[in-house]
Amino acid sequence: MKKIMTILVAIMIVAVAGAVISTSDDAQASVAGGNVNISVYDGHSWAVYSGTGYNAYQALMSVTGLNVVGDGDYVKQYTNSYGTYDDLNPDYGKVTAVGDVANGDSAVWNVAYYKGNEWKVATCTLGYISPFADAFCSSANVALYYGDIVLSEVEDHASTSANLITPAETTDYRYSFNIKVSSDTTPDIAEGTSVIIKQGTRYVPITLTANMLVNGVTIYGYGSNAYAALKDAVGVANIVGEESYATYYGWIVSLFGLGTVSSGSNYIYWNQYIAPNTYSSFSMGYYSTITGVPADGYNMVAGAFVLDYVLYSWI
């Protein structure tokens, strides 16, 4: 997957021109982040803090009077054989010091998060833990633990009182997706798939057909981020996305049975744009209508997308 993504990053750099953009009148909602409880064990005692943010790192940094040192770079610059490019930092939100206690040779700060009524050792940093129920690593209760995490101690001392936010079918969480299959390929739609389209001022369900996808159709979904909303819009039976790695969350593996196909210098893949006329620089999971979504110089607040399954010749 990394090899394919590296090649497509290079394609994205030169394939910006010529996009047809459908602008959604529902983009740019103003709903804020959620509440997150952060329980901190410094190696000797516990303390519980509460903060607000799009992710747990933002929530931690919002706590007044608590000195924290962490990696706040959301985007970093990398280089491959095609040149220099920006990509998400997998260490975004990694904490190295809280108060007077810093990472040392014998112990470092680790993270646990509460999900499904149990505490788990986190495989991602605080920056990728979100208090929204449909997010990649969803939790409203996290624990910062200095040293090797002992889950039984976390269970005894850490707070679990904060609640996840479940996005509702309201304007705040609504996204539009103009989907078109431009290549000479037949989409495979799960039987009985119903999607939401806009007729006048009303949002109504209709049965999706292959002909609609070939001609191009704008459908709507709801979520805390664009990938979650796309899953909601098309139905989970019609999409396979990357949901194992924090920095690739929402990479489209296949949509309606159509995935990246390579043959020599030719690629057929899902071309992704955000309005107005801007190629999406990152996977779908990192765009949101929620205030406070990390950006680092990019426009990540977006609610309207164009997904075009198209042939591209890399010569």
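A residue is called buried when its relative accessible area is under 20%, exposed when that area is over 50%, and partly exposed in between. The structure discussed here is a predicted model. Asp71 has a relative accessible area of 18%, so Asp71 counts as buried. Lys76 has 32% relative accessibility and therefore counts as partly exposed.

These two residues are joined to each other. Lys76 and Asp71 form a salt bridge, in which the closest N and O atoms are 3.9 Å apart. For a salt bridge, a side-chain nitrogen of Lys or Arg must be within 4 Å of a carboxyl oxygen of Asp or Glu, so a pair at 3.9 Å is counted.

How many salt bridges does the structure hold? The count is two. Lys231 is partly exposed because its relative accessible area is 24%. Glu243, with a relative accessible area of 37%, is partly exposed as well.

Next comes a residue in another loop. Thr193 is found between β13 (174-181) and β14 (194-199), in the loop that lies there. Is Thr193 buried or exposed? Its relative accessible area is 8%, so Thr193 is buried. The side chain of Thr193 reaches the backbone oxygen of Ala190 at a distance of 2.6 Å. If residues up to four places away in sequence are left out, Thr193 touches Ile206, Thr207, Leu208, Val234 and Asn238.

A cavity is a space where a 1.4 Å probe fits but cannot get out. Counting those of 30 Å³ or more gives two cavities. The largest cavity has a volume of about 190 Å³. Its lining is made up of 19 residues. Which of them lie nearest the centre of the largest cavity? They are Tyr54, Tyr128, Ser130, Gly285 and Tyr286. Sorted by class, the lining of this cavity has 13 nonpolar residues and six polar ones, with no charged residues.

Definitions and conventions:
Residues are numbered from 1 along each chain as its sequence is written. This is a predicted model: local features need pLDDT of at least 70, side-chain atom pairs count only at pLDDT 80 or more; totals for chains, interfaces and linings use all residues. Side-chain values use heavy atoms; hydrogens and water are left out. On a 1 Å grid over the protein atoms alone, a cavity is a set of points where a 1.4 Å probe fits but cannot get out, and a pocket is an open set with protein on both sides within 12 Å along at least five of seven lines; lining residues have an atom within 4 Å of a point. Grid points are joined across faces, edges and corners, and a volume is the space filled by probe spheres set on the points. Ala, Val, Leu, Ile, Met, Phe, Trp, Tyr, Cys and Pro count as nonpolar, Asp, Glu, Lys and Arg as charged, and the others, Gly among them, as polar. Buried means under 20% relative accessible area, exposed over 50%, partly exposed in between (1.4 Å probe, protein chains only). Helices (H or I, at least four residues) and strands (E, at least two) are DSSP runs, numbered from the N terminus. A polar contact is a pair of N or O atoms within 3.5 Å; within protein, one must be able to donate a hydrogen and the other to accept it, and residues adjacent in sequence count only if both atoms are side-chain atoms. Contact means heavy atoms within 4.5 Å.
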